[in-house]
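Reader: Please take me through the model displayed below, one question at a time.

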Amino acid sequence: MAGLLYMILLALSLALGLAMGYCLRGRRLLKVERLVLGVILVLIFSLGFSIGSNSEFLTVMPSIWLNAVVLLALALLFSVVFAKAAVKLVKI
């Protein structure tokens with residue numbers, strides 16, 4: 001039940017952000033970009049803190065690093081490929 005509530009909150013947050021972005025389009029949003037960067041940095045910090053505080057994860061980390069590197073490389077590769085394909089399709 002809590003998972004469903006989180007999904008609903010995420011969907012509502014996304015919908016609210018889309019509505020606000022639609023209403024504020026065309027305006028200078030430099031401060032919003034800085035806020036987004038700050039929030040992203042806080043999220044990355046909290047992710048690192050969560051990983052660093054999990055001793056169980058840290059003990060298995062040396063054995064999974066190669067899988068993580070392969071997944072990272074594939075995610076990066078396909079992101080670039082799909083971004084280039086999207087640019088060609090949309091003709092930005």
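Reader: In which helix is L74 found?

Author: This is a predicted model in which local features need pLDDT of at least 70, side-chain atom pairs count only at pLDDT 80 or more, and totals for chains, interfaces and linings use all residues. Residues are numbered from 1 along each chain as its sequence is written, and side-chain values use heavy atoms, with hydrogens and water left out. Helices are DSSP runs of H or I with at least four residues, numbered from the N terminus. L74 lies in helix α3.

Reader: Why does L74 count as partly exposed?

Author: Buried means under 20% relative accessible area (1.4 Å probe, protein chains only), exposed means over 50%, and partly exposed lies in between. L74 therefore counts as partly exposed, its relative accessibility being 40%.

Reader: What is the relative accessibility of V69?

Author: V69 is also found in helix α3. V69 counts as partly exposed because its relative accessibility is 43%.

Reader: How far apart are the end C-alpha atoms of helix α3?

Author: Helix α3 covers residues 55-90, 36 residues in total. The expected span is 1.5 Å times one less than the number of residues, and a straight helix would here reach 52 Å. The end C-alpha atoms of α3 fall short of that, at only 46 Å.

Note on methods
Helices (H or I, at least four residues) and strands (E, at least two) are DSSP runs, numbered from the N terminus.
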